[in-house]
Amino acid sequence: MSYEEKLEEFNRRVEAGDKVEASDWMPDDYRRGVLKFIEMHANSEIMGALPERECLPKAPTLKRKMSLAAKIQDEIGHAQLLYRVAEDLGKSRTAMYEDLLAGESKFHNVFHYPVHHWGDVAVIGWLIDGAALVTQAALLDSSYAPYTRVLKRICSEEQLHLRHGEHITLQLASGTDYQREMFQEALNRWWLPIIHFFGPRSNVAKDLLLHWKVKTRTNEDLRQEFLDRYVPKVTELGFSFPTPVPRLKGDAWVVAAEDIDWAPLDAIKKNRGPETQRRLSRRRAVYDSHRWVREALSEPAVHAA
Amino acid sequence: MKEALVSLVTALADDELIIGHRHSEWTGFAPHIEEDVAFSSIAQDEIGHAAAYYSLIAEVTGTSPDHMALGREPFEYRNAVFCERLNRDWSYSLVRHWLYDTADDVRLAALQESADASLAALATKMRREERYHLLHANAWIKRVSEGPVEGRTRLIDALGMCYAEALALFDILEFEDSILENNLLPCSSSELRGRFSMRATSELDDFGLPADVHRDLDDSAEFLASSSGDLIASEKDASSASARPGIGGRAGMHSDEFKALWDEMTSTHRLHPEAQW
């Protein structure tokens, strides 16, 4: 078969809803696109551990301290699973990890921002995990089969995280004025980054990942699902939204396109977010000063005297 | 009897909480992704054990476990200074993890014979979980000690920093006489220290690590162990603290590293001690 025939056959398969395995023939653009996408997801799980990790020492009770530690551990575990899937597409975990530390690959925008207090844990655990779950659930039907298999496990753990985040939020919402203020203040800072999280409007004609059904839904479609699901809940708890304020149009909660300032997201895409360099450099410093750990793992053991 | 039990269990609980807190700080920054996960697991176990110990105290005194963990003043904590040290290099954390879990195993084996049935039962349960911590620590010490020279050198340096401070895990406890009279512990802290020291030295020897380097430190710690809490407290000036590091945790004397840890760890709880979180 010629390349064109293979490509046509591949397109037909994907169009018909067939799933692609790592060992199947696939166009280079598909392989590269899926690799980059899963690599970014894995990077985001690693870097996503850090904001919550920064709040972990301040956990207000023993129970919260343990459950938050367990949740962060799950996230690192997700990164392990995802890197494994990405590796089969032709890039080693070490290379992916080193690219991440060198700032040469990307991770989700929300993990470039600082955290200040326990209200951040509530917003991250409920709304940001809620947003992530909307996007991840949509990927369960992705055309790349190995990805969907790990996503199934990740999504079921994320459901538990979401409940954890919801509990923390409800405690703050039903707590003292100060606790309510903690949540509101965190929400004010996080709302725009959450809106950015889904990305700008998809370019359906140009987006190869949509074309090959690696992604099954557009950014704006996912953002809309999130808004419709969470805006009523946040409102019901008596909290308010900063710009871009969602407004009810018909039965959909809509944020006006002109209310969204995309400049912060553009900076983050160049790895110039508020916390990008500090978080990367801390992890990089440990990595660089601990080469001996990796050497101990990789060298064959020799018996000391 | 009640004060004796509270004194003993507070020391145990505070050790577990504080070392668990330190272990959890590796999450997100470990030199190897697998160790992010492993140290987090161990941290969760240790904090869980602290919670179980605090519950035991709460039953006796009517206070809450969260108050015990997060609501006390720094001088009320009875953890050994060894547990509160910053993580430093990963070799330091690894050696501390190995020494601590070896010491904890010695301690838990004794506690299984405690006259307090709840404490004995708890010790039996914990010792089962702690087995996995020891397996993890042993595997790493073995691996690094048999590996390239840099790792081995770092282990030896870390042992030099850690060993004397680890012995202070067995400093005399407040109300120790009463603890022994009531058989809450079947033998004295100094007897346990001897068991720990013998075991650690012999295992280090098996790893091909030079345990004798630490003899000097060992002796000075032995000497201090016989001091009363008051004596230790009177030696608080900076020069003697650096000459004899890591002593005094059992009497509520802590390092600046603890003050910073305490400040952060209790900050949210202190905002609103009565709030539900």
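What percentage of the 277 residues of chain B count as buried? The figure is 50%, where a residue is buried if 20 or more other C-beta atoms lie within 10 Å of its own, exposed if 12 or fewer, and partly exposed in between, with C-beta atoms placed from the backbone. The model is a predicted one, in which local features need pLDDT of at least 70 and side-chain atom pairs count only at pLDDT 80 or more, while totals for chains, interfaces and linings use all residues. Residues are numbered from 1 along each chain as its sequence is written, and chains are lettered from A and ligands numbered from 1 in the order in which they are written.

Helices (H or I, at least four residues) and strands (E, at least two) are DSSP runs, numbered from the N terminus. Among the contacts in chain B with a separation of 6 or more, 73% are between residues 24 or more positions apart; two residues are in contact if their C-beta atoms, placed from the backbone, lie within 7 Å.

Helix packing can be followed in both chains. Two packed helices are described by the angle between their axes and the distance between the axes. In chain B, helix H5 (residues 90–111) packs with helix H9 (residues 189–206) at an angle of about 135°, and their axes are 10 Å apart. Axes are lines fitted to C-alpha atoms, for helices over the stretch in contact, and angles run from 0 to 180 degrees between N-to-C directions. That angle makes H5(B) oblique to H9(B), given that angles under 35 degrees count as roughly parallel, over 145 as roughly antiparallel, 65 to 115 as roughly perpendicular and the rest as oblique. The crossing of H5(B) and H9(B) is right-handed; a crossing is left-handed if the near helix is turned anticlockwise from the far one by less than a right angle, and right-handed if clockwise. From H5(B), Leu99(B), Thr102(B), Ala103(B), Val106(B), Arg107(B) and Ala110(B) meet Leu192(B), Arg195(B), Phe196(B), Arg199(B) and Ala200(B) of H9(B). By class, the residues of this contact are seven nonpolar, one polar and three charged. Here Ala, Val, Leu, Ile, Met, Phe, Trp, Tyr, Cys and Pro count as nonpolar, Asp, Glu, Lys and Arg as charged, and the others, Gly among them, as polar.

In chain A, the axes of H2(A) and H3(A) come within 8 Å and cross at roughly 165°. That makes H2(A) roughly antiparallel to H3(A), and their crossing is left-handed. The residues that meet include Leu35(A), Ile38(A) and Ala42(A) in H2(A), and Leu68(A), Ile72(A) and Tyr83(A) in H3(A). The contact of H2(A) with H3(A) divides into 13 nonpolar, three polar and six charged residues.

H2(A) and H3(A) return where the chains meet. In this interface, 43 residues of chain A are in contact with 41 residues of chain B. The elements of chain A that give two or more residues to its side are helices H2 (28–55), H3 (62–87), H7 (177–197), H11 (276–289) and H12 (291–298). H3(A) supplies the largest share of that side, 12 residues. The side of chain A that touches chain B has 24 nonpolar, 10 polar and nine charged residues.

Several loops of chain A deserve a look. Thr243(A) and Pro244(A) are joined by a cis peptide bond, with omega about 0°, and Pro244(A) lies in the loop between helix H9 (219–236) and strand S1 (247–249) of chain A. Lys213(A), a residue other than glycine, has a positive phi near 60° and is partly exposed, with 17 other C-beta atoms within 10 Å.
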